[in-house]
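Dear colleague,

Please find below the structure for your review. My notes on it follow directly after.

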Amino acid sequence: MSLEKLHEIGLLLNPELNQARLSYARSTAVAEFAGLWEDPSISAEVKQVREADVTNRGIGLGITLPVTGLPALAEKVAECYKQADYLSMQAKERAYLVKLDTLRYETMATHAKLHLMQARVQQLADEQKNAARLHDLGEMEFADFQVICRRLNDGQKELQEMEQLHLGQHLELVKLLGLHPDMREVEMDGHLPGSIPAAVAAPSQEKLLQHPALKAAMAKHDTSEAELQREIRKQYPELELGPGFEHEDGNSKVGIGVGVRLPLWNRNRQGIAEARAERNIKEYDAVQTWRELVQQSVALADMQELLLKHCRAEQERVSRLSEAEKRQEELYAIGETKLPSVADARQEAFLRRMNYFNCLSKLLTTQVELQYLNPDFIAK
């Protein structure tokens, strides 16, 4: 699968993202019907006067007039929840792509190291076979023979661990994509870059203000602010209007009643206190989110600079040791050096190549995080 295909499948099937979309769909449905007036109430009354054999009847209609503006505030709160869920969904999608691209590079690096290690273990097996023959002929010391045997045993053990890591990463990739476990044999298109990639610019503090995670945190704060306004508005009385019709003693009467609820003791103090505390928590969360983004930007930029330095140094070592290995191979081919010397050169070159892949993998994953930290970056 190509990177574009991984993004397409992952964004479509990942369970956590679909759960976030369901939350957004719920808040969207709620916002569509938020702010409706309370339903009117109807009351009927029948009285029988026994002495006069007269039946009195009456019917009344109760209507609450939202003079405090609670329906409008309820609509505003619902829209805030809808916006917060939408921005949270965007932030989760961006965080998901970071995790997916990071795992992709890690798996590619493990795949490259696995091929390198398989070739090295085969080479070690050949070295051990030749060393055993030379030792039996008395042309190799026992200590040198033991070193070659130990390298083979260590190489086989490390190869097993690398195979376990490779399988685990494939299983994690399938799980992250939301695919069936039978798809664990899926392979990714592309390879690690042949050269050290250029540095990725870190976003400024001003740009981080537009990061989806911070915008989602700010939307949640706006929601809590709207909730507080609604709780404060609840402490004011609503106006109740009650037109009615009565038939009493043979006379028909039409009247209207007005009622007001007096908040003498409660005044919704508990609801206001809870809403104010929640607003303060969301405000703190928003500030902390911005601080964490700034800290992450600085840390990733510093780590990228260090890893670029390490990659360049390892690349120079690989080049130098590869030349040394080549010379030892040429000398060994014409009988000018012995097996232990060429085996040492091969081992040093192998270790440096493995370490270069480790540094390159860390650099690529760090740059992925830096790219997605920039709000202007759009995944391909």
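Is Asp344 buried, partly exposed or exposed? Asp344 counts as partly exposed, at 39% relative accessibility; buried means under 20% relative accessible area, exposed over 50%, and partly exposed in between (1.4 Å probe, protein chains only).

This is a predicted model, in which local features need pLDDT of at least 70 and side-chain atom pairs count only at pLDDT 80 or more, while totals for chains, interfaces and linings use all residues. Residues are numbered from 1 along each chain as its sequence is written, and side-chain values use heavy atoms, with hydrogens and water left out.

Asp344 meets the side chain of Arg151 in a salt bridge (2.4 Å, N to O), the term denoting a side-chain nitrogen of Lys or Arg within 4 Å of a carboxyl oxygen of Asp or Glu. Because Arg151 lies in helix H4 (residues 142-177) and Asp344 in helix H8 (residues 339-373), the pair ties together parts that are 193 residues apart in sequence. Helices are DSSP runs (H or I, at least four residues), numbered from the N terminus. Arg151 is buried, with a relative accessible area of 17%.

Within helix H4, Lys157 forms a salt bridge with Glu161; these two residues are four apart, about one turn of the helix. Their closest N and O atoms are 2.7 Å apart. Lys157 is partly exposed at 48%, as is Glu161 at 41%.

A further salt bridge joins Lys234 and Glu231 at 3.4 Å. The whole structure holds 14 salt bridges.

Yours sincerely
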